[in-house]
Amino acid sequence: SVTGVQTCALPICTFHMSAAAAPHMLRQRWGRIINISTGVRTMQRAGFSPYGPSKAAVETMTAIWAQDLEGTGITVNALLPGWAADTGMVPIEDHPDRSRLVPPSAMIAPAIWLASSESDGVNGMRIVARDWNSSLPPAQAFKGASTKAGW
């Protein structure tokens, strides 16, 4: 369910949502798929199965779909916090000093830019929200916060 997404179903949900949206985007010759990913350390962290492997699948889907949809007007990118985010997934006993965690609001500026026409042509990238410098114009902030998706 959308309100209680189980991490083991995450790649399937991501796949089905994108598969449902893609035909509409293809008809209008424009669209944005922004997949939420995580860092490699989280993907491979002990005790984080199935969450970590499911995010690795999302990262790989991003790289593949970007190639599959190249030239259609639809872009596919991944957005990740870039470090542990200040969410309920990070127990207080593991990180009592929450100031070191990435605030969820760090995802807003890059997500808005990725969803806009200003990001036309940006495809198959992973954007690290922690590295996004909001004091720069978005295109410059993107350059300092991005690498190719899929490692």
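# Close-up views of a predicted model

The protein chain has an average pLDDT of 86, and 92% of the residues score at least 70. The coordinates come from a predicted model. Over residues 1-8 the pLDDT is below 50, and this stretch has five contacts in the model beyond near neighbours in sequence. Where pLDDT is low, predicted coordinates should not be read in detail.

View 1. The four strands are ordered 1-2-3-4 in an open sheet with mixed pairing. Strand 1 (31-36) and strand 4 (146-148) are the edge strands, each pairing on one side only. From one strand to the next, the twist averages 30°. Helix 4 (residues 108-115) packs on this sheet, where it touches strand 1, strand 2 and strand 3. The direction of helix 4 makes about 150° with that of strand 1.

**View 2. Pairing on both sides of strand 2.** Strands in a sheet pair through backbone hydrogen bonds, in either the parallel or the antiparallel sense. Strand 1 and strand 2 run parallel and are joined by six bridges. Strand 2 (residues 74-80) also pairs with strand 3 (residues 125-128), again in the parallel sense, over three bridges. Leu 79 of strand 2 stands opposite Ile 36, and the bridge partner of Leu 79 in strand 3 is Ile 127. For Leu 80, the bridge partner in strand 3 is Val 128.

**View 3. Side chains of strand 2.** In a regular strand, side chains alternate between the two faces of the sheet. Ile 74, Val 76, Ala 78 and Leu 80 point one way from strand 2. Thr 75, Asn 77 and Leu 79 point the other way. Residues of both sets are buried, and the strand is mostly covered, with seven of its seven residues buried.

View 4. Asn 35 is found in strand 1, while Ser 18 lies in helix 1 (residues 10-28). Asn 35 counts as buried because its relative accessibility is 4%, and Ser 18 counts as buried because its relative accessibility is 9%. Leaving aside neighbours within four places in sequence, the contacts of Asn 35 include Thr 14, Ser 18, Val 58, Thr 62 and Trp 65. Asn 35 is also in contact with Val 76, Asn 77, Ala 78 and Leu 79. Ser 18 touches Ile 33, Asn 35 and Trp 65, not counting residues up to four places away in sequence.

View 5. Trp 113 and Trp 132 are both buried. Together with Phe 142, Trp 113 and Trp 132 form one aromatic cluster.

View 6. In soluble globular proteins, nonpolar side chains tend to be buried together. The largest nonpolar core has 12 residues, among them Leu 79, Met 107, Leu 114, Val 122, Met 125, Ile 127 and Ala 129. Trp 113, Trp 132 and Phe 142 also belong to this core. Helix 4, strand 3 and helix 5 are the elements that give two or more residues to the 12-residue core. Apart from this core lies another, of nine residues, including Val 58, Trp 65, Leu 69 and Val 76.

**View 7. Contacts of Val 122.** Val 122 is one of the residues in the largest nonpolar core. Not counting residues up to four places away in sequence, Val 122 touches Thr 75, Asn 77, Trp 113, Leu 114 and Phe 142.

**View 8. The loop residue Ser 116.** Ser 116 is found in the loop between helix 4 and strand 3. Leaving aside neighbours within four places in sequence, Ser 116 is in contact with Trp 30 and Arg 32. Ser 116 and Gln 140 are 24 residues apart in sequence, and their C-alpha to C-alpha separation in space is 15 Å.

Key: Residues are numbered from 1 along each chain as its sequence is written. This is a predicted model: local features need pLDDT of at least 70, side-chain atom pairs count only at pLDDT 80 or more; totals for chains, interfaces and linings use all residues. Side-chain values use heavy atoms; hydrogens and water are left out. Two strands pair if DSSP finds at least two bridges between them. Axes are lines fitted to C-alpha atoms, for helices over the stretch in contact, and angles run from 0 to 180 degrees between N-to-C directions. Contact means heavy atoms within 4.5 Å. Buried means under 20% relative accessible area, exposed over 50%, partly exposed in between (1.4 Å probe, protein chains only). Rings of Phe, Tyr and Trp (its six-membered ring) pair if their centres lie within 6.5 Å; planes under 30 degrees apart count as stacked, over 60 as edge-to-face and the rest as tilted. pLDDT is the predictor's confidence in each residue, from 0 to 100. A nonpolar core is a set of buried Ala, Val, Leu, Ile, Met, Phe, Trp, Tyr and Cys residues joined through side-chain atoms within 4.5 Å.
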